[in-house]
Structure formats: C-alpha cells, structure tokens
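Hi everyone, thanks for coming.

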Amino acid sequence: MADVVVLATADWEHPIWTNKQHVAISIADTGFRVLYLDSLGLRPARATGRDLKRIIKRLWRGLCPPRRVRQNLWVWSPLVIPGGSGSFVILINKLSLAFGLWLALRFLRFRKPWLWTYNPLTASFLNLRSFSLKIYHAVDAVQEQPCMPRELIESQERRLCGEVDQVFVTSPALKRKLAPYSRHIRFDPNVADQAHFSKAMSLSLSSIPADIASIPEPRIGFIGAVSNYKLDFALIAAVARAHRSWQFVFIGPTGEGEPYTDTTLLDIEPNVHLLGQRPYGDLPNYCAGFSCGWLPLKLNPYTQAMFPMKFFEYLSAGLPIVATDIDALGQFGHVAFLCKPNEKDFSKALSLSLLNKGPDLALRLALAAEYTYPARTRRMLTVLRDLRGFEAI
C-alpha cells in the first residue's frame, strides 16, 4: 500500500465535514497511511472572531508534529500566510510548506507518497515531482466564492490539471471546464456517509433533539452552511410567507465562506428557524425530525458547478427532497422534485412531498446505497490502478 498526502481546503476539525475529511478516512480504511494537511487558506484572513481563532489555533498546531486522529490517519497544520497571492508571499509559503512537510513525512516515515489535493493552487506551493502519483479532486468552483483571487485560481487550476496524473470532478460543469487541460479526468458525484445518516430512519421520537421537537410539524429541513452566495434567501422568505403553517428549520453556521452574510430576510419570518451549527454526530437525529429536506439554491456560476453533499445525505436519511434544478442534479430527477427557483414551483413540490406523493422511498434508498464514500473510493482506486504505467495498488 502507498502512503497518501491529502492537501485539503478545509481544516480537519471544521464543524461542517466535507469531501476532504470523508475521503481521507475512506482511503485510510482501505489500508493506506494518510497524512491530512489542514487548509492553506485560499482567501485572505479577515478581522473577524472566527478567523482570529483559526489563526491562533493554527500557530499552535503548526509547531507540533502530525497528530494521529484514527488508525492510519494523521493530521498536520502547515504554517502559511492565508490568501497570499503576491510572488513574495507565495515564495514564503512555498518554503515554509516544503520544509514543514519534509519534517512531517520524515516523522511518519512516508516515502514517495501520493498527493491527493483539493487545492487548485497546489503547483504554486509544492514540487509535484516529489510525489509518485498526483491526483486533483475538484469538488467546487472555489473561484466563484466571495473574496477569492479568481484569476489566480483559474490559471493555476488549469496548470495543475495539466501536471497531475488524474483529475476527479464532482459535477458535469467542472468536467466540461477542466477536461481541455487534463489527460485523464473522471466525473463522480458527491456522495454521503450513508451508514451515519440512515440512522435517522430507526430513531424513536424521544431521540429528536429538544430544540427541533419544540417546533410544530411539518418541519422542512436544511443542513449546511447558511450563506447568501449559495442559498436563495428571497425564495426561502417567499415560500415561508406563503405557508405559515410550515416550519423551515436550518441547521448550520451562518456566513460560512461569506463572513458578512445578511440573514435579515430570514430573521423576520416567524416560521424560519436558524438553529446554528450542531455536532456532526447529531445530524441524523435532526433529520429524524424533518418531514422533508430541501435545497433552495440560487442559480449562479458557483451552484451550477457544485454537487450538494446534502442531496445524498437527505436520501440516506429517508427524506423526500425538493431542490433547485441545478445542472449536477438533473440526472437524479427521478428521486427528487427539481424546481425552478420560484415560490410557485417550490410550494407545489413541497406540498406533494409532505403528502408523500413523491418518488418511492425504496427507489430513493436504493440509489443512496450506490453513492457512498467506500463505493466511490473503490471506483477511484480502480481508475488509478488502471493508469498507464502504474503498478498494482
């Protein structure tokens, strides 16, 4: 088995788990030894409490050796200047990362590891030739997020695609965009921790958390970051005003990736409940309290290039789904209501879902069983095994 360095764009202890943490675990579970690198920071730090806490924690952990978080899996926090796009800052970050990673690899006795990166700027910071196999896993159009250095990300992402051995993407839009620059590219959508979220179907009423149990039914639920660049706040408010007996519950932090999100439109609606972040381990309990899961997304360049992780999480939890008809979800219209982003379409779809007149539960669960992290990791490793000139894993 090879050793693998996962260069993430999310810290290991980030409250919202993403592809990066799940994929690292899935790779480690197959027997590989994995070193997970916390985010290098694609956007500049801001003078907010959230960013200041991250900086202090990073300074402390950056001086410590890799810490073991589970079998075959270690986490290391590089000391870099976040969001630096100038040549001098990039040079400083490159030297700091190279030296720190050299020490970390010697500490763990990793030799010629693979690189599995989510950072489109990777080629600016690392000598790719020092890795025996290079994989770029593109899971979002990160340049479309607020405060990102768009031109730098796009140019470096094209460069990275040309230098790695394999590109994996999670949406058709990302494949269309990056295919011209890659020798080997494969689309495989985001998946879910099915074993975790399926617990929602077997939980008793007493297991539903008190903060949601106190909200009247029916409860239409959302789990994830409450950020204006992704969610359509105007649509949410319009549907909430049209259906005062429905309760709309949001579980997740406000302003993730967008520090100055304004939730005024949601705060004034009495049947919209922003409960904030909850532990990952508790999310199935919240799903058990939902009548339906929804994805009221905006239509913009970011969402049209994304595949929401929540889609298969909701399916795994046995929830009916109502979602904006974004590009990546089009092939899954047989298991969910896909809507234009307007109050009329969403109201109709939600009404049908609450009456259990949507796609059959057995069909939804069967599809969810196909889209899990272990299954996708096996598919990816098979692709890597078949690369020309690459010996058996």
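Here is a question to start: which residue is the bridge partner of V5 in strand 5? It is L115. Keep in mind as we go that this is a predicted model.

Let's stay with strand 1, residues 3-7. Strand 1 pairs with strand 5, residues 114-117, in the parallel sense over 4 bridges. It also pairs with strand 2, residues 33-37, again parallel, and there over 5 bridges. In strand 2, V5 stands opposite L35. To get from strand 1 to strand 2, the chain passes through helix 1, residues 19-29, in a right-handed β-α-β crossover.

How many of the 5 residues of strand 1 are buried? The count is 5 of the 5, so strand 1 is largely enclosed by the rest of the structure. Both of its faces are covered, with D3, V5 and L7 buried on one side and V4 and V6 on the other.

Now please find helix 15, residues 361-370. Its buried residues are R364, L367 and A368. Looking down the helix axis, they fall within an arc of 105°, so they line one face of helix 15. They pack against helix 7 (194-197) and helix 13 (310-316). At the start of helix 15, a side-chain oxygen of D360 comes to within 3.0 Å of the backbone nitrogen of A362.

Last, the cysteines. A disulfide is a covalent bond between the sulfur atoms of two cysteines. The count here is 0 disulfides. Take C292, which is buried at 0% relative accessible area: the closest cysteine sulfur, in C339, is 9.6 Å from its own, too far for a bond.

Definitions and conventions. Residues numbered from 1 in each chain as written. Predicted model: local features only at pLDDT ≥ 70, side-chain atom pairs only at ≥ 80, totals over all residues. Heavy atoms only, no water. Buried < 20%, exposed > 50% of the residue type's maximum accessible area, 1.4 Å probe, protein only. Helix = DSSP H or I, 4+ residues; strand = E, 2+ residues; numbered from the N terminus. Arc of directions from axis to C-beta. Contact = heavy atoms within 4.5 Å. Polar contact = N/O pair within 3.5 Å; in protein donor to acceptor, adjacent residues only side chain to side chain. Disulfide = S-S within 2.5 Å. Pairing = 2+ DSSP bridges. Right-handed = clockwise from strand over helix to strand, strands pointing away.
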